[in-house]
Amino acid sequence: MISRKEVAKLAGVSEATVSRVLNNVGPMKDETRERVLRAAAEIGYVPNALAQQFARRKSGNIGVILPFVPKVHLFSTYYFSEILSGIGETAKRCGYDLLLIFREYGGERDYAKLFRTQKIDACIVLGSENVPEERVALTELKSEGYPFCLVNQRYDEESYATVDSDHMAGSMAAVNHLIERGRRNIAFLNGPEQYSNSTDRLQGYTLALQAAGLPVTAEQIFIGNYSRKSGYEMAERIGKAIGDGVIDAVFAANDRMAIGLMQGLREHGYETGRDYSLVGYDDSDSSRIISPMLTTVAVPFYEMGRRAAARLLDVEYKAAGAEGELELLPVRLIARETT
């Protein structure tokens, strides 16, 4: 009977390395993996599937929990496609597959069950919301010691592994850019308050106005839901304020809302650059092809996804001490035609 020891000898590696390759456990150089598989095939070694599964007690999957967003094609949105690409690149390099899990609207959030049923070995949560049922699910993951990481959502009072961007600094940069161009009545179109990035952007908006000696009024703050449609629907209210001279610029918390707003205001007779200035947020593909091109804040979504996966899967990354509780990545303003 052919043994793993013979495979290891032929491949020039240890028996432990042979076991890791055949069980698809942990990170592994592609060259090493191919050498082991070639040696196993050459001498006809076939592992016992049942014994292999028992030895691993792992799925080989990293789970990515995605939000339920009605009437939105998640994979076509810049935000999710960039983050998922970063996660996928790292997972592949570390020998893992992605398992995408969509939260059901109003359904239970039993993330720990995915671990208990051995569907996943680690978990990344996208679109996490600061609501009671989400907090219960995350608390259970933490208390049971399951490896998980949040992306673009913080719970400052909890010690969760998190990768985020400096949205407060990005918001301040956007507002300061408008102030430098002579704008003084700057409105803010924000997203829902259950997201920490909405809170961060509101804080940055407020601090920038206060530092410039400009008033912060409730009449200049509008709430959407990060969709293009919600920006479009705000055009009537914001357009009236522009017409009355109450608003001369708008900072929108993402590009989708900014573009929807721009389109809606155009239908009401208001043109960006002529009647008001506009800044978006994300630096999405759409911001570069819309006319006029959108001034925006670039967020490293791909890098956020890559680092979240590396914190959970990459041994070298963790050994370098790069997996502290919160990683906050920098953002940058990109000035274009709308300002």
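Glu 6, Val 7, Leu 10 and Ala 11 of helix α1 meet Arg 35, Val 36, Ala 39, Ala 40, Glu 42 and Ile 43 of helix α3, where contact means heavy atoms within 4.5 Å. Sorted by class, this contact of α1 with α3 has seven nonpolar, no polar and three charged residues. Here Ala, Val, Leu, Ile, Met, Phe, Trp, Tyr, Cys and Pro count as nonpolar, Asp, Glu, Lys and Arg as charged, and the others, Gly among them, as polar.

Before going further, a word on the model: it is predicted, with local features needing pLDDT of at least 70 and side-chain atom pairs counting only at pLDDT 80 or more, while totals for chains, interfaces and linings use all residues. Residues are numbered from 1 along each chain as its sequence is written, and side-chain values use heavy atoms, leaving out hydrogens and water.

**Helix pairs**

Helices (H or I, at least four residues) and strands (E, at least two) are DSSP runs, numbered from the N terminus. Two packed helices are described by the angle between their axes and the distance between the axes. Axes are lines fitted to C-alpha atoms, for helices over the stretch in contact, and angles run from 0 to 180 degrees between N-to-C directions. Two pairs can be set out in this way.

| Helix pair | Angle | Axis distance |
|---|---|---|
| α1 (residues 4-11) and α3 (residues 30-43) | about 120 degrees | 9 Å |
| α11 (residues 235-243) and α12 (residues 255-267) | roughly 60 degrees | within 9 Å |

The helices α1 and α3 are therefore oblique to each other; angles under 35 degrees count as roughly parallel, over 145 as roughly antiparallel, 65 to 115 as roughly perpendicular and the rest as oblique. The crossing of α1 and α3 is right-handed, and the crossing of α11 and α12 is right-handed too. A crossing is left-handed if the near helix is turned anticlockwise from the far one by less than a right angle, and right-handed if clockwise.

In the second pair, Ala 235, Ile 238, Gly 239 and Ile 242 of α11 make the contact with Leu 261, Gly 264 and Leu 265 of α12. These residues divide into five nonpolar, two polar and no charged.

**Strands and sheet**

Two strands pair if DSSP finds at least two bridges between them.

Elsewhere, β5 (residues 162-165) pairs with β11 in the parallel sense over four bridges, and Asp 164 stands opposite Leu 328 in β11. Buried means under 20% relative accessible area, exposed over 50%, partly exposed in between (1.4 Å probe, protein chains only).

**Two residues to look up**

Thr 338 sits in the segment after β12 (332-334) and counts as buried at 0% relative accessibility. Leaving aside neighbours within four places in sequence, its contacts include Met 262, Tyr 276, Leu 278 and Pro 292.

Ser 59 is found in the loop between α4 (49-56) and β1 (61-66). Not counting residues up to four places away in sequence, Ser 59 touches Gln 118, Lys 119, Ile 120 and Asp 121.
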